[in-house]
Protein chains: 4
Amino acid sequence: MARIKLGMVGGGNDAFIGGVHRIASRIDDRFELVAGALSSTPEKAQASGEALGLPRIYDDFKAMAIREARLKNGIEAVSIVTPNHVHYAAAREFLKRGIHVICDKPLTSTLADAKKLVKAAESSDALFVLTHNYTGYPMVRQAKAMVDAGEIGTIRVVQVEYPQDWLTQDETFKQAEWRTDPARSGAGGSTGDIGTHAHNLACFITGLEVESLAADLDAFVPGRQVDDNGHVMLRFKGGAKGMLWCSQVAPGNENALRIRVYGDKGGLEWAQEDPNYLWYTPFGEPTRKITRNGAGAGDAAARMSRIPPGHPEGYLEGFANIYSEAADAIEAHRGGGAVAAEVMYPTIQDGLQGVRFIDACVRSSARNAAWVSL
Amino acid sequence: MARIKLGMVGGGNDAFIGGVHRIASRIDDRFELVAGALSSTPEKAQASGEALGLPRIYDDFKAMAIREARLKNGIEAVSIVTPNHVHYAAAREFLKRGIHVICDKPLTSTLADAKKLVKAAESSDALFVLTHNYTGYPMVRQAKAMVDAGEIGTIRVVQVEYPQDWLTQDETFKQAEWRTDPARSGAGGSTGDIGTHAHNLACFITGLEVESLAADLDAFVPGRQVDDNGHVMLRFKGGAKGMLWCSQVAPGNENALRIRVYGDKGGLEWAQEDPNYLWYTPFGEPTRKITRNGAGAGDAAARMSRIPPGHPEGYLEGFANIYSEAADAIEAHRGGGAVAAEVMYPTIQDGLQGVRFIDACVRSSARNAAWVSL
Amino acid sequence: MARIKLGMVGGGNDAFIGGVHRIASRIDDRFELVAGALSSTPEKAQASGEALGLPRIYDDFKAMAIREARLKNGIEAVSIVTPNHVHYAAAREFLKRGIHVICDKPLTSTLADAKKLVKAAESSDALFVLTHNYTGYPMVRQAKAMVDAGEIGTIRVVQVEYPQDWLTQDETFKQAEWRTDPARSGAGGSTGDIGTHAHNLACFITGLEVESLAADLDAFVPGRQVDDNGHVMLRFKGGAKGMLWCSQVAPGNENALRIRVYGDKGGLEWAQEDPNYLWYTPFGEPTRKITRNGAGAGDAAARMSRIPPGHPEGYLEGFANIYSEAADAIEAHRGGGAVAAEVMYPTIQDGLQGVRFIDACVRSSARNAAWVSL
Amino acid sequence: MARIKLGMVGGGNDAFIGGVHRIASRIDDRFELVAGALSSTPEKAQASGEALGLPRIYDDFKAMAIREARLKNGIEAVSIVTPNHVHYAAAREFLKRGIHVICDKPLTSTLADAKKLVKAAESSDALFVLTHNYTGYPMVRQAKAMVDAGEIGTIRVVQVEYPQDWLTQDETFKQAEWRTDPARSGAGGSTGDIGTHAHNLACFITGLEVESLAADLDAFVPGRQVDDNGHVMLRFKGGAKGMLWCSQVAPGNENALRIRVYGDKGGLEWAQEDPNYLWYTPFGEPTRKITRNGAGAGDAAARMSRIPPGHPEGYLEGFANIYSEAADAIEAHRGGGAVAAEVMYPTIQDGLQGVRFIDACVRSSARNAAWVSL
């Protein structure tokens with residue numbers, strides 16, 4: 001099967017997530033990066049493209065979309081890895097030309113943009129994949145499969161948290177700068193940057209949907225314009241309850257996304273920083289440590305896993321799994337066939353839910369943490 | 001120094017916490033149990049007292065209070081370890097006769113009783129010690145000392161949780177039975193039984209007071225009359241924020257009280273099930289594992305510790321520390337002197353705050369998790 | 001049942017293990033300390049006895065043995081908690097007068113003394129209990145019961161280690177001083193002080209006996225006269241193999257006794273510093289976390305446990321379990337009846353094996369780590 | 001910089017390590033796999049090459065070496081990932097033609113082959129890189145840098161172990177089959193397959209060399225022709241001592257390589273299954289958790305790390321680091337310049353030491369675990 005020709009928007013020299021997407025796209029050798037508009041500054045776009053040895057370098061994403069769509073061997077998919085406020089405009093250009101979009105989260109910086117982008121996607125034949133990368137971890141898939149199989153029974157309580165500490169003080173480097181600027185990140189700070197991951201992970205594993213939430217958001221660092229800590233109570237459709245905590249001011253936490261799900265028959269626990277383990281307790285029995293590709297792990301995890309148990313896979317492999325799912329979907333799309341049932345990736349609807357989540361958090365917090373619907 | 005003559009109310013043969021109090025009172029050899037009214041059922045009171053070889057056995061606590069107060073070598077202190085609804089009436093009898101009271105938590109089953117008991121205590125010369133035993137753990141003392149010394153700076157976020165799983169299903173044994181009966185436990189279920197511990201621990205370590213809270217309480221087990229899961233958002237006086245989760249329906253959690261405190265200079269983490277460790281992160285430096293009596297632990301922890309690091313102390317030793325603090329206070333009281341500054345035990349005011357916490361949770365939850373003051 | 005009258009030899013004011021024995025004897029309220037010869041220095045013996053409020057204080061153990069044996073309510077048992085070289089002479093005096101002996105480990109400081117003490121015990125009607133306290137931990141009992149029940153199959157490999165760091169540098173305080181003096185501790189340093197615990201634990205859990213060993217001992221700290229690090233390869237009767245490591249110069253290890261046992265059907269792992277957990281892996285299945293008094297733990301552990309799972313018990317409770325086993329045995333002995341089958345405590349034969357172990361380590365190391373029989 | 005043209009010998013469809021090498025070579029985008037002789041069976045070589053879409057497919061490695069050396073754009077380096085007994089013959093063909101060799105471990109299946117291969121490498125201008133991949137983990141680099149900087153002082157004790165459980169029973173699948181056949185794996189079983197990794201890791205981090213060892217090897221599974229468990233005592237040049245344990249019959253251990261190093265100033269601990277952490281204890285201070293790219297980690301680790309702390313990197317990234325070091329060396333070699341000092345990869349001398357280690361283990365064990373020199 002020929003590798004999928006890929007373009008990239010954003011991800012220039014000093015970016016973080018662009019490099020992650022590039023590695024992720026390479027790991028399973030199903031994509032080939034051949035074009036890029038890597039920066040909104042033309043000189044930087046040029047320099048960054050040359051540094052990567054890209055065959056085709058563009059100054060802006062629109063020019064890239066137009067030309068690549070016309071090329072005989074133009075890109076079949078594009079990765080959009082810019083700051084949030086650019087997602088909408090960029091994605092729209094590629095969708096309208098039938099080029100598949102792999103877009104970083106959150107979907108957009110405003111709810112209005114998110115809704116428009118959903119429409120753009122619905123009008124397009126192209127696929128839209130959102131990189132809520134944590135759903136690509138094998139043991140997250142394992143957890144979802146176990147919930148689906150009823151192994152923990154009816155879900156009652158979901159505790160999800162995503163603390164970090166890198167914004168504990170006022171920071172001015174690039175990654176911090178745009179993420180704390182509402183014009184570029186959107187109205188949510190920690191809620192948008194990481195809270196959406198937590199929200200998405202909770203929904204993915206449990207199959208539940210948040211009906212309403214009450215959020216108490218804070219910007220603890222003086223002068224910060226967006227929240228750096230969010231406390232959120234969740235009510236899921238069907239009656240389950242949850243708590244979500246996201247923070248960027250919690251010293252000692254690097255990237256400590258963690259989820260615990262409790263049903264009337266058992267409990268599950270998974271932590272992103274030690275991702276190869278899933279802790280499972282059937283009620284009344286000892287807790288089990290299920291390991292990636294090890295005893296107790298099933299097909300859903302094995303599909304997402306490359307190497308034997310005890311040989312840890314990490315963040316990049318989990319991210320690569322989203323790319324591999326995208327590749328499966330794109331290849332099926334090429335042939336006009338249906339995507340296999342086990343192929344799962346976050347969709348534009350998940351993205352819309354994420355932006356609704358941010359929007360609801362901000363609205364609730366502005367109303368003294370009143371309950372608001374998503 | 002002669003051992004303190006101790007009586008006990010409650011704690012008969014099939015009780016849990018009575019046995020804990022008895023061991024705790026023995027560990028440091030400063031108390032001697034000489035009298036008891038161990039059950040509200042006279043035959044059981046008699047049988048339980050005989051099983052323990054008690055010198056003086058009573059059918060009811062009032063008779064015990066009256067007689068012991070008149071005896072030349074009557075009890076100097078009494079431990080009250082009954083179900084919650086009995087605390088008030090029992091404590092009052094001893095306080096009014098100048099016998100020191102060591103009482104299990106929560107203080108009472110209603111806020112009205114709590115307020116009356118505070119008055120009774122204020123009118124008495126006797127001491128009142130509430131066994132929020134988790135404040136007796138050496139590493140909890142270490143955490144408090146570090147907060148007091150400013151080592152984590154100004155506190156911003158407090159995450160405290162206390163999940164258990166023993167009430168995941170409908171249970172009928174004695175421990176479960178009275179704890180799920182609002183007439184005996186009070187209006188709070190998990191909030192009263194364990195949420196108060198979490199609340200107390202958060203306040204003890206941080207020195208902060210909860211100003212208001214928003215609580216979403218559930219009784220997930222069909223037919224249960226009190227909450228078995230509580231999600232609570234906290235606002236502390238001074239601006240810190242917190243989340244508190246208590247649950248008795250979270251499979252895989254035995255007694256998983258855990259607290260994390262984050263300030264602008266650092267973070268602390270402590271877990272009751274692994275109580276000999278305190279995890280400390282000065283912002284921007286590696287996390288340190290401070291161990292009981294080990295390097296990095298200071299005087300406040302050493303006072304509460306009997307044996308070298310690496311020789312784990314546990315729940316009973318932490319509980320015994322409350323008894324030892326009580327003994328220090330009682331001995332100082334004997335001589336009419338002041339209690340040394342480092343002696344710390346939960347007071348009746350802490351108990352009142354605990355009952356206010358339960359009351360606020362129940363009121364808030366009844367009003368759709370609106371914010372209520374304590 | 002009346003409490004057992006207990007005496008103590010050694011354990012004066014600045015001792016460590018004496019205090020541990022006293023707490024251990026109190027926890028379950030089955031002993032009453034009424035006499036002591038707490039130091040070899042008469043003034044200190046007197047002062048230490050007074051500090052504890054002992055009814056009968058002696059200057060030396062022989063006088064105590066003689067008098068207590070004649071008293072109507074004299075001691076029924078004695079705890080010997082002196083430095084090693086005193087064990088033999090002290091134990092002999094009590095054994096010959098029919099007073100039960102509870103003795104700290106290692107049994108004696110020389111193999112010759114150990115053999116003589118075995119004879120003395122065989123000639124006496126009194127019981128002899130050696131405080132290899134780690135065999136009192138509930139999860140150690142659980143491990144033994146699982147091995148006995150065949151849950152890990154035929155044992156192949158035993159990895160046991162006991163690293164500490166408190167003698168990393170040259171130390172002069174009392175605990176360090178006698179333990180590094182071969183005249184008082186015996187020829188083994190770390191091997192005698194902690195290696196014997198590791199050896200005993202391995203034999204206790206597996207039911208196996210060491211046939212021969214090869215030991216490479218070192219005294220890394222300049223001027224130290226006994227080993228502070230021991231590397232030992234073990235061959236068990238029946239074909240299992242093992243490694244034993246003991247060290248007092250391993251920074252970061254406080255009291256890190258740990259054992260792993262592997263059979264052809266499964267594996268077990270237990271660590272003293274986190275003693276409430278036993279990790280069990282049936283081959284081909286996920287690892288299980290069995291907790292004290294929790295799901296998966298059986299009767300052998302429950303017998304040794306006081307409080308519910310999640311409420312950690314520690315070193316003192318494990319030590320107290322040896323005292324409770326001794327109390328069971330002493331009470332059975334009183335009535336002339338047999339000790340119940342489930343009562344287990346380390347015997348003088350275990351003690352002899354421990355001294356053989358030390359002796360073998362020293363002999364092997366002197367012969368360039370040649371294999372020697374025990 | 002143009003990507004390095006790479007060939008591969010071995011690594012056909014049902015191999016494990018070939019796929020690992022391919023991913024590792026891709027992650028940092030510095031190699032391009034263009035040729036392969038992926039199996040000793042021509043049909044399988046062809047089919048496997050086609051499955052990977054290789055431009056040039058060969059039936060055997062010699063034909064590949066001859067032709068690629070003549071091609072204008074032939075491969076510049078070759079990865080040899082066959083069973084051990086083929087390493088020598090294959091590597092020789094490429095070395096003699098000036099093609100750089102990246103070879104899996106152990107170097108060869110016999111010591112005689114290893115010595116001949118060292119000579120072949122010395123006669124060649126080509127580089128030789130041995131994939132002792134665990135030395136590529138960032139926190140292993142961190143550990144080495146800390147030892148080099150004297151942070152733990154003079155090393156006294158090294159405890160290294162590598163238990164697995166996949167050969168607990170008799171297995172017949174391909175990975176198990178050749179690894180338990182001495183004709184293909186060499187005389188060492190677990191010692192060769194994983195013991196060499198443990199030996200290499202200990203030497204790499206400490207900078208010490210093993211002077212002599214005493215090994216007790218077993219084949220616990222009936223009928224197994226090579227050891228499946230090895231107990232080894234180590235004496236390092238300069239006086240440090242160590243223990244090495246390797247096992248493939250230890251249920252509950254997936255790939256549990258772990259090392260602990262103790263000096264007179266501190267200790268270090270690292271575990272392959274949780275590779276992003278390094279535990280460091282300066283003697284007399286609390287243990288610190290140093291994290292990859294986090295606070296406390298230095299340049300040596302940062303060079304080997306792609307993403308921020310808290311975003312776990314794993315086995316494949318560590319393996320890729322060896323490929324990146326190889327790429328640095330190859331690029332320096334192209335220009336005739338010296339390789340930068342910080343570039344480190346396992347050399348053919350390390351490989352020779354590894355085979356000497358296996359040989360010494362086997363010789364020692366045959367002589368009742370006598371001490372033998374390497």
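Chain D and chain C bury about 3600 Å² between them, with 58% of that on carbon and sulfur atoms. Keep in mind that this is a predicted model.

So who touches whom? On the chain D side, 41 residues are in contact with 42 residues of chain C.

| Feature between chain D and chain C | Value |
|---|---|
| Salt bridges | eight |
| Residue pairs in polar contact (both at pLDDT 80 or more) | 18 residue pairs |
| Salt bridge of C:Arg235 and D:Asp216, N to O | 2.9 Å |

Now for a look inside chain C. Helix 6 (residues 138-148) of chain C packs on helix 9 (residues 190-206) of chain C, with the axes 7 Å apart and an angle of about 45 degrees. Because of that angle, helix 6 of chain C counts as oblique to helix 9 of chain C. Helix 6 of chain C brings C:Val140, C:Arg141, C:Ala143, C:Lys144 and C:Val147 to the contact, while helix 9 of chain C answers with C:Leu201, C:Phe204, C:Ile205 and C:Thr206. Sorted by class, the contact of these two helices of chain C has six nonpolar residues, one polar and two charged.

How values were computed
Residues numbered from 1 in each chain as written. Chains lettered and ligands numbered in written order. Predicted model: local features only at pLDDT ≥ 70, side-chain atom pairs only at ≥ 80, totals over all residues. Heavy atoms only, no water. Axes fitted to C-alpha atoms, helices over the stretch in contact; angles between N-to-C directions. Helix = DSSP H or I, 4+ residues; strand = E, 2+ residues; numbered from the N terminus. Parallel < 35°, antiparallel > 145°, perpendicular 65-115°, else oblique. Contact = heavy atoms within 4.5 Å. Nonpolar A, V, L, I, M, F, W, Y, C, P; charged D, E, K, R; others polar. Buried area = accessible area lost by both parts, 1.4 Å probe. Salt bridge = Lys/Arg side-chain N within 4 Å of Asp/Glu carboxyl O. Polar contact = N/O pair within 3.5 Å; in protein donor to acceptor, adjacent residues only side chain to side chain.
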